[in-house]
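Here is a friendly walk through some helices and strands. Have the sequence and the model open side by side as you read.

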Amino acid sequence: MKTKILIGIDLGSSSLKALALEAVSGRTLALSRMPLQHHRLPGGGCELGAPAIRAALSTVLRDVAHQLGPRVGEVRAIGCTGHGAGLYALDASNELVGGRAVASTDQRADARASSLARHCGPQLRADVGCQPWPGQPTVIAAELLGADAVRSGTVRRLMFAKDYLGFLLTGEIATDASDASTAGLISVATGSWSPMAFAASGIADLSPQAFGPLLPSGEVIGTLLPAEATAHGLPAGIPVAMGAIDLLASMTAIRAQERGRAVVVLGTWCVNAVIGPVMEPRPDVAAVVHFGPRDQRLYMENSPSSMANIAWLAGVLGLPDARAVVDLAMSVPLGAGGLRFLPFVNGGAGVTAGFVGLKSHHTRGDMARAVVDAVAALHARHTARLAVGGLPVAANTVLGGGASDARLVRLLAGLLGRPVERCADDETGARGAAIYAAMSQGIDTHPLRAPCDTVEPDAAQACAHADFNAAFNELIDTMSPVFGHLAGRPPSSTPTLPQTTCAPAQSAEVSP
């Protein structure tokens, strides 16, 4: 009997990946990835052309098919995942409006999101689990396409990254709760579309029909179209399963929920999350996500940039990649001789990035160290916020591209004050998508779990890590009026940054 093969596709913030797994063993049979070149625009714009997405999808799938060779006929199902939010809007011809998608890190709608938060932020937070933020599809659409975009016919459908992949492969349009809820469009209490969120969008005639039906992850949405099969070198008719937002797909890949693991994602975004029971009152965290189960929620503390800060510095310093920045950073002791960095190169909620304490004796190495220290410290800060909310974050698994660098993970472990698990395989999102493909066919998913190992903190640096955390949190907390001043806001409307309760770094429950 032929062994079943599953394909997972992940449309991330910086690349598109496809992974083929052997169902029985979980072994990787084929892997392909292609970088995505985003266009940076004035005002914080970040767009990706439709031809680039289609070309990347065809390239990685054809590469996977080539690697599988004669076994390509054994592919049983495909699953898709992708980054959350952003704008994938289709026009009347079912093409992306303006020929491009907008990334979730786009900041052109920052002022609109801030205004919306002032007018109805508390009500929306109570209903959908988060405050308005600039990367939401409805907020971006209103800002870039206008309030009459739907009524005028400029926009026919809205979707998320993974759903756009599914649409390209099958011609079907649908989504799932994890993406819709993360985008602030689902009532956290009921798990259904929020009338309040659609009304607050300011887009006339916008309704849930724009996104298609809500389907459970692991349910078939359609089959691979003959034309797409030919273009991608795959057999026609392969079932394509509904996936989930990339964070949840990655958590599925490591069985985070079953093993009680909170996750830290060293990716483009600074993502920190844990799945826990429904809690009343709700924890005071950045977002509460209704991803499907009635008795569980996904709790998140995020900022728009994590490894994006390191990638930015690599470009500025002319270094080849993030690893080269970490190489340079590790030539300098923790603290970079007093130099500090505000790790917000992608903005968000009115904050901005910058060096603080820069003096003439500081070097490129100090700058690299300041950025790397700040990226790890911001994750520790967000994890502490989850802990303060009573959520189980004592056991952490590190995911994302940064997890492949043991030095960065060890620094994070030191700032958290405990050992951490890491999945050095950056394809957890695609692996999770393949697991949803397996679920759609009733295939046992246990062999598909991603491998992890443990990284210990440097015990000799425990006091230094605690001191650094305390100083970093104090700096971030006191910068709120400065951010407001830079944005031209009056003192009363300066952005309020998350307050973190500081405790010794050794604490298993709360990190500074």
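A residue counts as buried when its relative accessible area is under 20%. Keep that cut-off in mind, and remember that you are looking at a predicted model.

Let us start with strand 12, which covers residues 262-266.

Which strands pair with strand 12, and in what sense? Strand 18 (residues 396-399) pairs with it in the parallel sense over 4 bridges. Strand 13 (residues 270-277) pairs with strand 12 in the antiparallel sense, over 4 bridges. Strand 12 and strand 13 form a hairpin, with 3 residues between them.

**A buried helix**

Helix 4 (residues 161-170) is also largely enclosed by the rest of the structure, because 10 of its 10 residues are buried. Among the buried residues are Leu165, Phe167, Leu168 and Leu169, and also Lys162 and Asp163. Just after helix 4 comes Gly171, with a positive phi of about 80°.

Now turn to an open sheet of 3 strands, which has the order 4-5-8 and antiparallel pairing. Strand 4 (39-41) and strand 8 (100-102) stand at the edges with a single partner strand each, so one side of each has no neighbour in the sheet. From one strand to the next, the twist averages 35°.

Strand 4 and strand 5 (residues 45-49) run antiparallel and are joined by 3 bridges. To find this pairing, look for Leu41, whose bridge partner in strand 5 is Gly45. Helix 1 (residues 50-68) lies across strand 5 and strand 8, and runs at about 55° to strand 5.

| Helix pair | Angle | Axis distance | Handedness |
|---|---|---|---|
| Helix 11 (residues 322-329) and helix 12 (residues 364-388) | roughly 110° | within 7 Å | left-handed |
| Helix 2 (residues 110-128) and helix 3 (residues 137-145) | about 120° | 9 Å | right-handed |

The axes of helix 11 and helix 12 cross at roughly 110°, which means that helix 11 is roughly perpendicular to helix 12. Helix 11 brings Val325, Val326, Leu328 and Ala329 to the contact, and helix 12 brings Arg364, Gly365, Ala368, Arg369 and Val372. Sorted by class, the contact of helix 11 with helix 12 has 6 nonpolar residues, 1 polar residue and 2 charged residues.

Helix 2 and helix 3 pack at an angle of about 120°, which means that helix 2 is oblique to helix 3. Here the contact is made by Arg112, Ala113 and Leu116 of helix 2, together with Val139, Ala142 and Glu143 of helix 3. By class, the residues in the contact of helix 2 with helix 3 divide into 4 nonpolar, no polar and 2 charged.

Conventions
Residues numbered from 1 in each chain as written. Predicted model: local features only at pLDDT ≥ 70, side-chain atom pairs only at ≥ 80, totals over all residues. Heavy atoms only, no water. Axes fitted to C-alpha atoms, helices over the stretch in contact; angles between N-to-C directions. Helix = DSSP H or I, 4+ residues; strand = E, 2+ residues; numbered from the N terminus. Parallel < 35°, antiparallel > 145°, perpendicular 65-115°, else oblique. Left-handed = near helix turned anticlockwise from the far one by under 90°. Contact = heavy atoms within 4.5 Å. Nonpolar A, V, L, I, M, F, W, Y, C, P; charged D, E, K, R; others polar. Pairing = 2+ DSSP bridges. Buried < 20%, exposed > 50% of the residue type's maximum accessible area, 1.4 Å probe, protein only.
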